[in-house]
Amino acid sequence: MTGKIVKVSFDEFMRAGHIQRWHVVNTVKTQSVAEHAYLVTVIAMELFARIVGFDDPAEVNQLMAAALFHDAPEIRYGDIPTPGKRFIRERVGQDFFADMDRDLMPEIPYVGGTIPERLILFIRVADAIEAYSWISANKAGAQADMVARTCSAHLQNLVIHYTESNGQDWFEPVNAVLMALHLPYISKNARVTPL
């Protein structure tokens, strides 16, 4: 029997600091969903400032709220590692997590509406930068080292794809952020192959 799905609530948002990320990777410290969300928000805002600017306050607020709450459904079901998500998607379908997230968070908290695709790009790239940065700084052991390389390859693939598909050069703003985080820049000649 299935009951009515209740969207993620304020009291659940307040528990984001208790939801652990990277729990299948050996790291020197733990990271919470709340820490991750904050860092993704800051990176997304920096990318947005470099690429678009802050001329439209409503759009800026929408990006900020969407980035801050982009992983809020994980408060309900936890941070499922990428290999686990891949395994589940193979069995129940590609849209499983997207559908579940929409049920749990049908609109952007506190600002309403859904996030436009144009802003989703900033959150996806910021999410990839944050993952690469955090795991690079906190990895422990060979498996974590491989995960860091995978995160780097994923980020490079995103930058190449977004640059080629929408005519906007993502290399320069992403490289500025990477350099500020003391990470290697992405070469425009890069062509990443899966690990």
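## Basis

The model is predicted: local features need pLDDT of at least 70, side-chain atom pairs count only at pLDDT 80 or more, and totals for chains, interfaces and linings use all residues. Residues are numbered from 1 along each chain as its sequence is written, and side-chain values use heavy atoms, with hydrogens and water left out.

## Fold

The protein has 9 helices and 2 strands. Helices (H or I, at least four residues) and strands (E, at least two) are DSSP runs, numbered from the N terminus. Their order along the sequence is α-β-β-α-α-α-α-α-α-α-α.

## Size and packing

The C-alpha trace spans about 55 × 45 × 30 Å along its principal axes. Of the 195 residues, 44% are buried (under 20% relative accessible area; exposed is over 50%, partly exposed in between; 1.4 Å probe, protein chains only).

## Surface

The accessible surface is about 11000 Å² (Shrake-Rupley method, 1.4 Å probe; for residues, only the protein chains shown count as cover). Carbon and sulfur atoms hold 56% of that surface.

Tyr110 lies in the loop between α6 (96–104) and α7 (117–138). Tyr110 counts as exposed because its relative accessibility is 62%.
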